[in-house]
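Trainee: I am new to this structure. Please take a close look at one part and tell me what can be said about it.

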Amino acid sequence: MKEKYINLFTDFGFKKAFGEEASKEHLISFLNTLLPEHHQIHELQFCNNEYQGATALDRKAIFDLNCVSATGEYFIVELQKAKQNFFKDRSVFYATFPIQQQAQRGDWDFRLSAVYTIGILDFVFDDEDNAQRDEVIHRVQLKNQHHQVFYDKLTFIYLTLPNFRKTEDQLDTLQDKWFFLFRHLHELDEIPPRLREKVFLSLFEKASIARFQPEERQAYESSLKYYRDLKNVIDTAREEGREEGEHIGYQRARAETVLKMLNHGIPEAEVAKLMDLTLQDVQTIKKSTVLSNCTGNDADRR
């Protein structure tokens, strides 16, 4: 049976539900369930989601959603479909761009507006202890040795949504309802009674695949296929890489994972992003394998 509503973990579905002007109210409602009272959003403006480095040689950053509130807070919203090497490092790196953007020419007192990085994850952290690993919300700020917040204008919020296990009957808060939709929207055949609030009725209307134009439907189907393939390839490759890594070393296991992704049609740029490599690294691994195969074939012919 065909799905009636989009999967919010697809790139197309996420942008359709949260990244368009017509769906801005959904993003505001969702973000406000995660923010403190003094940073609640009343109006939001989408910004360019691509940041160039200070020079042509610097690495750039491309966000899923990049926006600023009417009161000046910055929000980076990232959808992460699969585990990635050095994911936390990447989050910190990305957070530096809206900080640097606030620098003013001439006289400036270095006063900054708050920056929030929100990661919506379709996986759980492996490096947490058992108690933390089962939590859905991971809120991170700079603290001193007495566990007091040292700087409250830089906040990382990670949502490990596989840990959210509430059923329809257990959805009490607005936050619960948003988390539930991220997990289960694509599985629903009708709108549950607890989700008949105005903002959710609007979301269901935007998420209805039957309402899509033919080109939208095709774009969504492509995005859905890519999501499913990516999850399957990465999960399989990482497991095999982990097993192989015990015997043949980390570098070779990583190269094997890169090649498996490439062989399944995942673009080089996406492989580089997921494996925290440069595009040149990925191309080098690919080239070395081609050369190795050619050398092997020559040897066979001799």
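Mentor: The crossing of α2 and α5 is left-handed, a term used when the near helix is turned anticlockwise from the far one by less than a right angle, right-handed being clockwise. This is a predicted model, in which local features need pLDDT of at least 70 and side-chain atom pairs count only at pLDDT 80 or more, while totals for chains, interfaces and linings use all residues. Residues are numbered from 1 along each chain as its sequence is written, and side-chain values use heavy atoms, with hydrogens and water left out. Helices here are DSSP runs (H or I, at least four residues), numbered from the N terminus.

Helix α2 spans residues 24-32, and its axis lies 9 Å from that of α5, at an angle of about 120°. Axes are lines fitted to C-alpha atoms over the stretch in contact, and angles run from 0 to 180 degrees between N-to-C directions. The pair is therefore oblique, the word for angles that are not under 35 degrees (roughly parallel), over 145 (roughly antiparallel) or 65 to 115 (roughly perpendicular).

On the α2 side, His26, Ser29 and Phe30 meet Leu174, Trp178, Phe179 and Phe182 of α5; contact means heavy atoms within 4.5 Å.

As for confidence, the mean pLDDT of the protein chain is 84, on the predictor's scale from 0 to 100 for each residue.

Conventions
Helix = DSSP H or I, 4+ residues; strand = E, 2+ residues; numbered from the N terminus.
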